[in-house]
Amino acid sequence: IGKQSNTSHVHCLCNHLTPFGGDFLIAPNPIDFDKVLMEFSRLGETGNVLVLVMVCVLWAVYLLGLMVARRADVNDISKELCSTLINSEDSSSAAYYKITIFTGVWKGCGTTSSVGMTLYGDRDNSRPFYFNNSTKGPTFFSRGSVTSFIVKCRTLGNIFRVELWHDNSGPSPSWFIDRIEIAEEHSGKYWYFLARRWLAV
């Protein structure tokens, strides 16, 4: 390219007659499908059968991977349970707290036990409230689940402590808790508690 090139013209210093072009976006070579179909009929002569088989195998593996990934996505969505309202106080309660519990993703992290919880704030403490796992199905606190529920109770202020336990019932009571997130619906305040531990005997 010569020094006289600018944004609209290309100064070429080539000394041969090969076709060329200059642009910021080079158009790809067009595909001659007639030639492609003709080459398919000559696979035995050209020796490209192995290449074609390899391309087909790669496409099959890709589609199989998509199916497996889609099934895993559907399984993950089924573990995101909708919010359940729990009224732990009387009708004079003034606050709603959305509590989200994240169960570990490793094998055996889920629990079949019923779970209890108490919240502690700088203004007040909640009464204990319970989740009967047997009435919520096998995915309530299963491996990798994200369980959300709303608790109606008196205003607690800034929550500084969460007490969580289970009754050790069911065939697989051990439970690995990853973290707990609490949000006050009215003020929009959030509290995060990292557990990263087992509740097991």
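Confidence in this predicted model, expressed as pLDDT (the predictor's score for each residue, from 0 to 100), is highest in strand E8 (residues 175-184), at a mean of 94, and lowest in strand E1 (residues 80-81), at 60. The mean pLDDT of the protein is 81, with 82% of its residues at 70 or more. Local features need pLDDT of at least 70 and side-chain atom pairs count only at 80 or more, whereas totals for chains, interfaces and linings use all residues. Residues are numbered from 1 along each chain as its sequence is written, and side-chain values use heavy atoms, without hydrogens and water.

Three helices and nine strands make up the secondary structure, taken as DSSP runs numbered from the N terminus (helices, H or I, at least four residues; strands, E, at least two). Along the sequence their pattern reads α-α-α-β-β-β-β-β-β-β-β-β. Of the contacts (heavy atoms within 4.5 Å) with a separation of 6 or more, 72% join residues 24 or more positions apart. Buried residues (under 20% relative accessible area, with a 1.4 Å probe and protein chains only) account for 29% of the 201 residues.

Trp59 sits in helix H3 (residues 49-78). Trp59 counts as exposed because its relative accessibility is 53%, and exposed means over 50%.
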